[in-house]
Amino acid sequence: MSFMKKEIFIYQPARVCIGRSHRNCILPNNVGTRRMHTNTIIHHTLAYGNVLFTRSRLPASHSVCDRCPQQSRHLSNNAPAQNGPGRNKNLPSTPARTRFAPSPTGQLHIGGLRTALFSYLLAKKTKGQFILRIEDTDQKRLVTGAEAQICDDLKWAGLQWDEGPGVGGPYGPYKQSERNHIYLQYTQQLLDTSAAYRCFCTPQSSETPDAGSSYVTSGCYQSCGTRSLEESDERASRSETYTVRLRTPTDAHKRIYQDLIHGKIQRLKRSPGTSSSSEAESGFSAAESILLKSDGTPTYHLANVVDDHLMKITHVIRGSEWMASTPLHYDLYAAFGWEPPQFAHVSLLADENKAKLSKRSSTGLVLDVRGMREQENVLPVALCNFLALLGWSNPQKDDLKDMQSLISDFDLKFTKGNTIVRTEKLWYLQKMHVAKICSEASTGISTSGHKFEEIVDQILPSASLLCSSTPHIAMFSSGLVNADAAIRAQCRRVLLVDPKAYRTPHQYVNQRNQYFFTYDRSRVPDEPDANSEERPGVRRNDLRSFTNDFIQSLQCSEAFNRLRPLTLAGQTDETANRMGESSCQSLLQSILCVSEEITKALDAAIRGRASPHIDFSQCDPLALQKQDALAIWMLASKQVRSEQEAQQVVEEHKRWKMGLLHFLREKLAYGQAGPNIGQVMALLGLDECRRRLAGQR
């Protein structure tokens, strides 16, 4: 049976192949086929009895045939996606040596960090080495301090190099400005083999007759490539200025240039300039590439190829803007007689208008790594996660990945077109990573303590600024002499009870959780008419009276005091600045305990106010939490005479509770969404709650 690029339905009750529909896949005992959806290859759909099964819903008796290239991926809905043979075809079987070679001409852009990340992941996936090399041959464009900043940014992101500046290695030095003698040596080798020649032409200014303006041509216009090596050496010995150009190979138009992502790369033709070459050859030889500049320093192309070879680089991952230079690099490897590394050109990053991504997004977001760190307060794990998903085809369903899971899942399956950068995904990943870190810290996972404290460090400046006008927060329940340590303790509490709302420090502290650190009465919603109903059947005056009575009689002081030792009261300020995972775990448990006691007391007070004629002391605590169970208990214990009366009591409790919770949130937290009201009261403290409800703040 011949398979076309169409959807194939295989009607076969026997054991069948459930792989993808490849031409070489042989299925025995075919009963019949029908084709749908022209020009689309779909996984086999099998008729088993009277039921159609897609590949992810097949009976267990079905399998993949030995000849199908896609053998084991997505065999069931519950099976995790794996890096099967099809995905791993480009991964080397031996350790890869990759490199990141930035130029210290400014801040490291997120596109550069993405390229470094992919190189790092490939090296670690294959248990190889990741090399950092500084390409600083263009001395005129160097920026003071840029090299140190790039190194710092890479370390911050977790991309520690195995060889390079500050680390050393067997193939150093790792700065091109310190390797010029090496480039001169290999340039002479090319001259000796006639693979390159000296060009004594100087840049010429020419007038274009139709445009009337001048331009500078950089091609060789004196046929320097035809001069003998002896003549060239003699002119060079007289200190004549020259450049060294690579001689275009005669078989250039027949050469194949491979790329792991794009397949074959086409050689681009160059502008003929002023060359006298024939039209057929001008596309290749009109402006043969300069390898050594007139000042004796190498161009990027020569230094790049020589360094990659001497440092034994096996895989080069770089942006697709360098794809046009790849044939030249292949030609250089051929001229030296060296085996080239494997190239993988990843997609360029583009904004939402499909333009090349600049250093600042249309929303004002700074897109260099330093700006992301210092201005946007992006976590390194969130940024690396975000960048890895830009152009890489994630084999798993879950996009939330730390560095270890990125290494585990990484392969060389990339998209080919430009990748649109949408920062909404970055903030989503930031929020999810913070939630994960806080959750792990609160459950005692030993690897998350320092990560949790890093988040505390980020929000502490904003919290301290807010607390400068509210000394009661700084001193609440801490027993710490140093107010900064007490504010840090409050930051920990807030993160533990509200871990899923973090985006940036300013958003989290100044917008979401401001009321935990300061209090501004002007932000409390305006008071309606005193006799108005907060909720149907509950007047606001009644709520205010009830709340005052409840707060004054609240017997949770002992529970509140349980928070004191867990904020490191009585310890030195230095010790108070850090908490282990066990402390985070105990602190959250204490907060939840206090919150639960407040909630129970509040529910009991509501029942006493809404239905004083009913004795709830004998009711099962679980039944008190569910309306249906409470109604059944009231009927069974003859607390009410009918099901209708039981339902009325339940509705009265519900009205009071809704009104009261709304009233408390307005007074204590400006009416903003956030943790439940028991947790809000636990973190504010009993005294502060009383002051806010009494209008003393």
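**Overview of the predicted model.** Helices in these legends are DSSP runs of H or I with at least four residues, strands are runs of E with at least two, and both are numbered from the N terminus. The model shown is a predicted one, and its secondary structure comes to 25 helices and 19 strands. Of the 697 residues of the protein, 48% count as buried. Among the contacts with a separation of 6 or more, 72% are accounted for by residues 24 or more positions apart.

View 1. Most residues other than glycine have a negative phi, and most peptide bonds are trans. The bond that leads from glycine 172 to proline 173, by contrast, is cis, with omega near 0°. Proline 173 belongs to the loop that runs between α2 (146-156) and α3 (180-192).

**View 2. Two loop residues with positive phi.** Lysine 312, although it is not a glycine, has a positive phi of about 60°, and its place is the loop between α6 (300-310) and β14 (315-319). Its relative accessibility is 47%, so lysine 312 counts as partly exposed. Tyrosine 670, also a residue other than glycine, has a positive phi near 60° and lies in the loop that joins α23 (643-669) and α24 (677-684). Tyrosine 670 has a relative accessible area of 7% and is therefore buried, the cut-off being under 20%.

**View 3. Helix α24 and its two ends.** Eight of the eight residues of α24 are buried, so that the helix is mostly covered; they are Ile677, Gly678, Gln679, Val680, Met681, Ala682, Leu683 and Leu684. At the start of α24, asparagine 676 places a side-chain oxygen within 3.0 Å of the backbone nitrogen of glycine 678. The residue that follows α24 is glycine 685, with a positive phi near 95°.

View 4. Strands β5 (residues 97-100) and β6 (residues 129-132) run parallel and are joined by four bridges. Within this pair, threonine 98 stands opposite phenylalanine 130 of β6.

View 5. Strands of a sheet pair through backbone hydrogen bonds, either parallel or antiparallel. In this open sheet the order of the three strands is β7-β10-β13, and the pairing is antiparallel. β7 (196-199) and β13 (290-292) stand at the edges with a single partner strand each, so one side of each has no neighbour in the sheet. From one strand to the next, the twist averages 40°. β7 and β10 (residues 243-246), which run antiparallel, are joined by four bridges, and cysteine 199 has threonine 243 in β10 as its bridge partner. Helix α3 packs on the sheet, where it touches β7, β10 and β13, and its direction makes about 105° with that of β7.

View 6. A pair of aromatic rings is described by the distance of the centres and the angle of the planes. When rings of Phe, Tyr and Trp are paired if their centres lie within 6.5 Å, the count comes to 19 aromatic pairs. For tyrosine 186 and tryptophan 338 the ring centres are 5.5 Å apart and the planes stand at 70°, so this pair is edge-to-face. The two residues are 152 residues apart and link distant parts of the chain, with tyrosine 186 in helix α3 and tryptophan 338 in the loop between α7 (326-336) and β15 (342-346). Both tyrosine 186 and tryptophan 338 are buried. Elsewhere, ring pairs link Phe118, Trp392, Phe410 and Phe414 into a cluster.

**View 7. Arginine 493 in helix α14.** Arginine 493 is part of helix α14 (residues 483-497), and it counts as buried because its relative accessibility is 1%. The C-alpha atom of arginine 493 is separated by 7.9 Å from that of isoleucine 591, although the two residues are 98 residues apart along the chain.

Key: Residues numbered from 1 in each chain as written. Predicted model: local features only at pLDDT ≥ 70, side-chain atom pairs only at ≥ 80, totals over all residues. Heavy atoms only, no water. Buried < 20%, exposed > 50% of the residue type's maximum accessible area, 1.4 Å probe, protein only. Polar contact = N/O pair within 3.5 Å; in protein donor to acceptor, adjacent residues only side chain to side chain. Pairing = 2+ DSSP bridges. Axes fitted to C-alpha atoms, helices over the stretch in contact; angles between N-to-C directions. Contact = heavy atoms within 4.5 Å. Phe/Tyr/Trp six-rings, centres within 6.5 Å; stacked < 30°, edge-to-face > 60°.
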